[in-house]
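Here is a friendly walk through the model you have open. Take a moment to bring up both the sequence and the 3D view before reading on.

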Amino acid sequence: MRLRSGVFASSCLLVEVLGVALFLRGFFPVPVRSLPRREARGDLPAEPAPPGPGMVSNWTKIPPPLFKKVVIVLIDALRDDFVFGSKGEQFMPYTKQVIEKGTSYSFIAEAKPPTVTMPRIKALMTGSIPGFIDVIVNLNSPALLDDNLIWQAKTAGKRIIFYGDDTWVKLFPKHFVEYDGTTSFFVSDFTEVDDNVTRHLDRVLKREDWDLLILHYLGLDHIGHVTGPNSPLVGAKLREMDNILKKIHISLLSKEEASFPNLLVVCGDHGMSETGSHGGSSAGEVHTPLLFISSSFEKRSPLTHPELVQQTDLASTLAVGLGLPISRNSVGNLILPVVGGRTMREQLRFVHLNGFQLSRLLQENTPAYEKGKSSHANWIKLYLEGNNSEILLNLGKKVLKQYLEALKTLSSSLSKQVAQYDMYSMMVGTVIILEVLLLLLLSIPKALSSRAEFEVPLSPPLFSLLFYLVCLMLCAVHVIVCTSAESLCYFCSMSWFTAVGVMMLISALMCGILSAIAKTFDNSRLPVKNPVLSSSSWSEIDVLILAGTVGHVLSLGASSFVEEEHQTWYFLINTLCLVLCQELCRNNFLLKEYDPQHSTTVKQNSEEASGYKNIDIPAADNSKLSKTFTSDEFVRGSDKWVSLASPWIILICCRLLRSLNQTGVQWAHRPDFGHWLTSSEHKSELSFLAAVSLLMIFFLVQRRCSLVSKIAMALGLLGIYSYRAAIGNVIFPWQHGSKDISKGITEARFVYIFVLGIVFSGTKDLLKSQVISSDSGVKSTGLWEVYSGLVLLAALLFRPHNLPVLVFCLLIQTMMTKYIWRPLKSGAAQITIMHYWFGQAFFYFQGNSNGIATVDVSAGFVGLESYVEIPAIFLTAFATYAGPLLWAFHLLCYLSSEVSRNSAAVGHGCFCYALMRSLPVAVYIVLVTGLRYHLFIWSVFSPKLLYEGVHVFITAAICLFFTMTES
Amino acid sequence: MKEVEVRRLFAANLLCVFSVILTAVVPAFLWDGFTVLGTHLAWLCICSVCVGTVNVILHLVLKPNRSPKRSSLAHKISRFLKCCIYFFMSCIVFHAIIVLYGAPLLGSVTETFLFSVLLSTFTTLQCLCMLGPNIQAWIRVFSKNGATSIWESSLQITTVCSILGAWFGAFPIPLDWDRPWQVWPISCSFGATFGYVAGLIIAPLWIHWNRKQLTYKSR
């Protein structure tokens, strides 16, 4: 079968997508240890039976609740030093006083990454560690189906009231007797979200008809996102929170009966980093305060430093405090000091229950727990015999210690199991990806040849003995692995038909690789002439491209380089610009040396220079050359200098963009233009910048559009400005008073109509050129219109301070095309790789990083009333990958305009693009498999893996589009 | 003739290498508290000055490019002034390039500028000594097969090595190891220095190995 390079590359990428999907499924397993819910008071263990006959413990039921009313105040993004540090002293005087002198216990609760609100709420309420994939899959947070504290409380007949973030309402629908959800939609809203919670407080605190009150305050998180942890707004917000805590505490104290105290819990779901964002695993993001305040606690001398506990411990502790069974999937330990005031027998009972639940979740008996249980039984025997209290107490303490150690081992082995990988699926995925990469690498010489098509031998491998042997062997391995595997395996759970299909695919790829290798050997046996020539003709750009690609791929193995990947790309494109500058210098100056003096006659000049004249001007102008030579000479002179200056202008643009958005981890806290612009004092500057940017976008895009598209584009850009004005990001010059903020649905939809219109008219042109005539002019206009439609969509979705990124993107593309690539006559492969590099750099220029926290989810809500899954995911993905996507589309536009020079340009481009994407993915997947027990696997490597995976999906789509337009 | 030239080149380059090593060692005896890492800026100054002086002296002593015509004193002075201006301009250009690469624009200007002075000393100063303030000659030397003597080949190699060294020196900056040598611009200036030293040593050896293939066409 004969295949063109483009088709070959796209089909390779499609197979690779399958491999990546399989690998991701194996790497991010759905929680294996998820036991179903059960009835509230089902099969709970009795106290361990004392040895010896005749003695039975009378404690078989669940212990009664320890607290009458519990109030949980969850302050979003409350970092530990906001309460325990100097800020707490300054702004939260009441809380500080309670911590130091009152009846309270304070801890630092450690949150596990991803430090995002929804998984953290799950962790707090179920006690389990939500998988990393939860963040991605559950952006719309559907109801929580696992066993959890709220469900248990509701089943036990507790009346729960909730005010705050509506994530809770979605997670626990119909669980609350009364609720008021506030949405976290407008991050710039600092007061309203919290006032909506506090306004209910006075009324609720007076009432007696509730048992559990949950308050979730969002304001602090919003302040952190917009202004960072050191802004004066944080202090004011903390003071407000302090007053609320004071009110609640006093009200709880006033109604208390001595025998049945109330409990106030203050916690944060996650902290914030030095920039005020969260999602990663820096100390600031992970450490949150956890306060238990109740009059039943004994007064004590203040601890110098609060003890470190896990966030998951709260679920078990609250379950015990409320007299509920501990959630089945909880991996937390009971925080003993909270129940420290109870009798020894009760305490032992609590830790026994906790241990029982953990060992049941682990599904195996640990010797430490068994030992604790037997000594517990002995202790009960002594207790029931009525032994001396002094000895009993000491003995009890010993048993307690044994239990606590057992709990610790149980918890740690459970936490490890959460990160259990499905190695078999991962392996199968890796094999597919590596085979695709090898196939691509082996077919480089043929795919990049001038004809850009090659023979893919389909029938010989499919009918060879080897194919069937490999197939059989793989199936045998599959059977063995799947029957012997203990843990759940995704690939084994697939139907037999699919599994065999995958096996056949693997073996077919393998046979393909083997035949390709055999062919290259055959060819190399023939007398070789070219290799020596080709190896010596490597230019600096080729060396840089090769070194840069290899260097970047290798750098993925180090966590810091993954965190700071933007530095790698900025470094590489800077160097690329400098090398291009050198190349241009050589073109402009050195070739001139062989040229006689400039003052020679026009005729001689035009004859002599025919070899290099094309370098400065497009070939088409050659015919005009002789007529308007004198003026042309002048233009050429100025063109030369513009051409020489263009790399420097691009470098300056890149430097400006770099300081627009600081990303990464180490230097993310540095001040940047983006933060300066988004702060509320600089709204007018932001408006001006946005308006200028939109105007620039229009001028840069319109020159190659048809008239209708031009008008549509202009209206669309106007629509974008009015959309941003409607949601309150920018202001109109004539509008001074504050207007009420809306969601801007109408404006956004207005823009969507124009986006669709432009894209449709472009597609129509494309189809026309495909079907009716092969006019390259119509085709390039069509492509450019599709491209400009995408630019318009990106302009709508980008935050206003990011609009300059779009402008510079278009500017650099124009300059590169006009002054660098055309004059230098770079090959399609070189241009593709440069486009890929710039695309990667722009991914980071627009403020992305390799952490989950920088994904701008708000792009998914533009023009939508509420969360609709498919469009939201599409829009978010488009906004996130806008940089690489726009560059890839520009590549297509450029290459198809170059078809006259190199008929296979698009095919070469498609192939190179596929290769550039599969190389880092394949290497990264192997690296991640090797580093799967690395300390930073969840905080650094997994998010990057997700980014890479999504990028492969997008690249596959792009390559398919390439192939479709190619013919 | 050629062998003798190569030996002279080797000796001259070794002297430069020694001068670099001495700048790291000697000031510690004279000045309490001097370390290359701790007082890096001082070392940058000392190294630039020493390497610059050694280069100028070597150039005056060895006279690798015999100028055909004797020139007047005024001409010499104007040449010297031109060289100074060129050197200063190259410092500025290097500074600009480093800023474009991501060095802070306003913060740590001294560090960046001293680093660019060091780079200029390793590259531009040599060119100025060897070729004079003649841009055409520079372009000729730094194009393919443009060298006309072993001195110019050596110039090519050391210059490219210094710049490559500085380029590679930027690699460890993003790593979170918190080492003292990761502070800006230490790793880069070390990279440049090591590249320069390596270039000085490699150049005569490379010329020696390739002496059969090297044919310099005289202009």
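## How to read the model

This is a predicted model, in which local features need pLDDT of at least 70 and side-chain atom pairs count only at pLDDT 80 or more, while totals for chains, interfaces and linings use all residues. Residues are numbered from 1 along each chain as its sequence is written, chains are lettered from A and ligands numbered from 1 in the order in which they are written, and side-chain values use heavy atoms, with hydrogens and water left out.

## Confidence

The pLDDT is the predictor's confidence in each residue, from 0 to 100. Chain A averages 83, and 87% of its residues score at least 70. Where pLDDT is low, the predicted coordinates should not be read in detail.

For chain B the average pLDDT is 86, and 94% of the residues score at least 70. For the complex, the predictor gives an ipTM of 0.93 and a pTM of 0.76.

## Chain A and a pair of its helices

Chain A has 42 helices and ten strands; these are DSSP runs numbered from the N terminus, helices being H or I of at least four residues and strands E of at least two. Of its 967 residues, 56% are buried. Buried means under 20% relative accessible area, exposed over 50%, and partly exposed in between, using a 1.4 Å probe and protein chains only. Among contacts in chain A between residues at least 6 apart in sequence, 78% join residues at least 24 apart.

One pair to look at is helix 18 (residues 423-442) and helix 41 (residues 905-930) of chain A, whose axes come within 9 Å and cross at roughly 145°. Axes are lines fitted to C-alpha atoms, for helices over the stretch in contact, and the angles run from 0 to 180 degrees between N-to-C directions. Residues making this contact include A:Met423, A:Ile433 and A:Leu441 from helix 18, and A:Phe911, A:Ser918 and A:Thr929 from helix 41. What classes of residue make up the contact of helix 18 with helix 41 of chain A? There are 14 nonpolar, three polar and no charged residues. In this scheme Ala, Val, Leu, Ile, Met, Phe, Trp, Tyr, Cys and Pro count as nonpolar, Asp, Glu, Lys and Arg as charged, and the others, Gly among them, as polar.

## Helices of chain B

An unreviewed UniProt entry places the feature "transmembrane region" at residues 9-29, 41-62, 83-101, 113-132, 153-171 and 183-209 of chain B. Such annotations may be inferred rather than shown by experiment; feature names are shortened, and positions are given in the numbering used here. In the model, residues 83-101 of chain B are 95% helix and 0% strand, with end C-alpha atoms 27 Å apart. Residues 153-171 of chain B are 89% helix and 0% strand, and there the end C-alpha atoms are 28 Å apart.

B:Ile157 sits in helix 6 (residues 150-169) of chain B. Its C-alpha atom is separated by 7.8 Å from that of B:Leu200, 43 residues apart along the chain. B:Ile207 lies in helix 7 (residues 186-209) of chain B. In the loop between helix 6 and helix 7 of chain B you will find B:Pro185, joined to B:Trp184 by a cis peptide bond with omega about -5°.

## Buried residues and their contacts

| Residue | Relative accessible area | Contacts |
|---|---|---|
| A:Thr876 | 11% | A:Val855, A:Asp856, A:Val857 and A:Gly860 |
| A:Asn802 | 7% | A:Leu660, A:Asn661 and A:Gln846 |
| B:Ile157 | 16% | B:Gly199, B:Ile202, B:Ala203 and B:Trp206 |
| B:Ile207 | 1% | B:Val6, B:Leu9, B:Ile150, B:Ser153, B:Ser154 and B:Leu214 |

A:Thr876 belongs to helix 39 (residues 869-880) of chain A, whereas A:Asn802 lies in the loop between helix 36 (776-797) and helix 37 (803-824) of chain A.

## Two positive phi angles

A:Ala77 has a phi near 65°, a positive value in a residue other than glycine. Its place is the loop between strand 2 (70-75) and helix 2 (80-83) of chain A. Is A:Ala77 buried or exposed? A:Ala77 counts as buried because its relative accessible area is 1%.

B:Ser108, also other than glycine, has a positive phi near 45°. B:Ser108 lies in the loop between helix 3 (73-100) and helix 4 (109-131) of chain B, and with a relative accessible area of 28% B:Ser108 is partly exposed.

Notes: Contact means heavy atoms within 4.5 Å.
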